[in-house]
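Thanks for coming. I will go through one structure today, first the chain as a whole and then two places inside it.

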Amino acid sequence: MRLRIFTEPQQGASYETLLAVAKAAEDLNFDAFFRSDHYLKMGDVSGEPGPTDAWITLAGLARETSRIRLGTLMSAATFRLPGPLAIAVAQVDQMSGGRIDFGIGTGWYDAEHTAYGIPFPGLRERFDRFEEQLEIITGLWRTPPGQTYDFEGRYYRLAESPALPKPVRPEGPPVLLGGLGAKRTPRLAAAHADEFNVPFAHPRETGAAFDRVRAACHEAGRTKPMVYSAAQVVCCGRDEAEVKRRADAIGREVSELRENGLAGTPDELVEKIGTFAGLGAECLYLQVLDLHDLDHLELLASEVMAKV
């Protein structure tokens, strides 16, 4: 089981804070550092000092780390046009030496679009645009050098694109899709994803989502293996007092976190991670909400990661 650190900077984090967490995650041998792609805080926090752009952040981290993989869970397709997004991700992949994983979703948070003047169409149109974006981004990356790329869709048209720059790998960075959608999400994952992620769900729901994607892969005749993963908020302590202290710091109840996330002692986390492994998950994203508690990362590395 690979463990990855996943952060939510819109809740309040500067680039320097994210850099400290990414460097700690790298030094502690976590597999990857991921961040959300949001422009507005959620819940009862100030969000100060304000949002940081996901791909600008990852560009900086690409030059200030050397081993750890970097990515988004998930970039919002509503935020950026597909051509410029393909350029940005390919450039950051080059800057990192090929360490980027590209997570992308439809976008869902209406309020952040309103706050920053970003159009937010209805769900059907967002999915339609999302599907075209997936075709365009992967098509640009995979166009052989010296050839051009064309696309004619309902929402986007590309003509004689040089399809540059290229990411490090000819097939492009691994593409992550995710969610609990029952119809279009599995089909799009089977067609485009290298990894399918289920965020913040009970193991029972996670397993059902994995099964839907497996069925879609079979129906599509897909032979390429799919990586299955899950994301869970994490709150670990050596004893109950330490667990409570960390839960209080992020404004959550221990009992609720035990039910809906990974909370408790290291042995409790190891046991629940084993449940996800039994469903077929090969990778788990640990959502760390207190980005100043680097001792939490050290505990997770020494007492959890070492046992899974």
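Of the 308 residues in the protein chain, 54% are buried. Keep in mind that this is a predicted model. The C-alpha atoms fill a box of roughly 60 × 40 × 35 Å along the principal axes. A compact globule with 308 residues would have a radius of gyration near 19 Å, and the protein chain, at 19 Å, agrees with that.

Next, the secondary structure. The protein chain has 11 helices and 12 strands. Among contacts with a separation of 6 or more, 74% are between residues 24 or more positions apart.

Now to a pair of helices. Helix α2, residues 54-64, packs with helix α3, residues 82-96, at an angle of about 15 degrees, and their axes are 8 Å apart. Because angles under 35 degrees count as roughly parallel, α2 is roughly parallel to α3. The crossing of α2 past α3 is left-handed.

Which residues meet there? From α2 they are Trp55, Leu58, Ala59, Ala62 and Arg63, and from α3 they are Leu85, Val89, Val92, Met95 and Ser96. Sorted by class, that contact of α2 with α3 has eight nonpolar residues, one polar and one charged. As background, an α-helix has 3.6 residues a turn, so residues three or four places apart point the same way.

The other place is helix α11, residues 294-304, where His296, Leu297, Leu299, Leu300, Ala301 and Val304 are buried. What covers them? The cover includes the strands β1 (2-7), β10 (227-236) and β12 (283-287). Helices α1 (15-27), α8 (240-249) and α10 (266-278) are also part of the cover over the buried residues of α11.

How values were computed
Residues are numbered from 1 along each chain as its sequence is written. This is a predicted model: local features need pLDDT of at least 70, side-chain atom pairs count only at pLDDT 80 or more; totals for chains, interfaces and linings use all residues. Side-chain values use heavy atoms; hydrogens and water are left out. Axes are lines fitted to C-alpha atoms, for helices over the stretch in contact, and angles run from 0 to 180 degrees between N-to-C directions. Helices (H or I, at least four residues) and strands (E, at least two) are DSSP runs, numbered from the N terminus. Angles under 35 degrees count as roughly parallel, over 145 as roughly antiparallel, 65 to 115 as roughly perpendicular and the rest as oblique. A crossing is left-handed if the near helix is turned anticlockwise from the far one by less than a right angle, and right-handed if clockwise. Contact means heavy atoms within 4.5 Å. Ala, Val, Leu, Ile, Met, Phe, Trp, Tyr, Cys and Pro count as nonpolar, Asp, Glu, Lys and Arg as charged, and the others, Gly among them, as polar. Buried means under 20% relative accessible area, exposed over 50%, partly exposed in between (1.4 Å probe, protein chains only). The radius of gyration is taken over C-alpha atoms; the globule rule is 2.2 Å times the number of residues to the power 0.38.
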